[in-house]
Amino acid sequence: MEKTLSIIKPDAVKKGVIGKIIDRFESNGLRIAAMKKIKLDEKTAGEFYEVHKERPFFGELVEFMTSGPVVVMALEGEGAVLKNRELMGATDPKEAEKGTIRADFAESIDANAVHGSDSLENADREIKFFFSKEEIL
Ligand code: CMP
């Protein structure tokens, strides 16, 4: 069964909508295979978002992702990568479709409530980045 990585970002954790976001996943056939609440440090956030290192928003992205606790999850289900992306909506909440997580809970392209893996290959890397084999159940 396919797996993908989801992160509930500091803005959504601060707002107290962890449960509401998790409900979107569980109500749409995505099972939580692993989950933890952590606070990222600069080094870890920078390594996780290494692909964006050269982008102009990299500094702000790392600053934002280390600004408060996040909830990291491995989600499992049929077509999990695509399903999660559909549930999240567009990266910029202004462009996100009505009823998506970002349309409902996000403020801006930086504070956009959730991260989700963009491919099966990245999902595998991102899940391994945060979870050991024993933590995925
Ligand atoms: P995320 O899915 O976590 O992946 C990288 C993040 O960079 C993205 O969500 C956005 O929150 C943030 N970001 C900021 N500016 C941009 C941009 N112009 N294009 C893409 N992502 C951006």
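Colleague: Hello! What should I know before we start?

Modeller: This is a predicted model, where local features need pLDDT of at least 70 and side-chain atom pairs count only at pLDDT 80 or more, while totals for chains, interfaces and linings use all residues. Residues are numbered from 1 along each chain as its sequence is written, and side-chain values use heavy atoms, with hydrogens and water left out.

Colleague: Which residues surround the ligand, and what makes a residue near?

Modeller: A residue is near if one of its heavy atoms lies within 4 Å of the molecule. Around the ligand we find K9, Y49, H52, R55, F57, L61, T91, R102, I109, D110, N112 and H115.

Colleague: How much of the ligand does the protein cover?

Modeller: On its own the ligand has 460 Å² of accessible area, and the protein covers 79% of that. Such areas come from the Shrake-Rupley method with a 1.4 Å probe.

Colleague: What makes an open space a pocket?

Modeller: On a 1 Å grid over the protein atoms alone, a pocket is an open set of points where a 1.4 Å probe fits, with protein on both sides within 12 Å along at least five of seven lines; its lining residues have an atom within 4 Å of a point.

Colleague: Where does the ligand sit, and how do you know?

Modeller: The ligand sits in the largest pocket, which means that more than half of its atoms lie within 2 Å of the pocket's grid points.

Colleague: What is the largest pocket like?

Modeller: About 500 Å³ of space lies in the largest pocket. The lining has 22 residues, and Y49, H52, F57, T91 and H115 are the closest to the centre.

Colleague: Which element gives the most to the lining of the largest pocket?

Modeller: That is α7, with three residues. Helices like this are DSSP runs (H or I, at least four residues), numbered from the N terminus.

Methods. Grid points are joined across faces, edges and corners, and a volume is the space filled by probe spheres set on the points. Helices (H or I, at least four residues) and strands (E, at least two) are DSSP runs, numbered from the N terminus.
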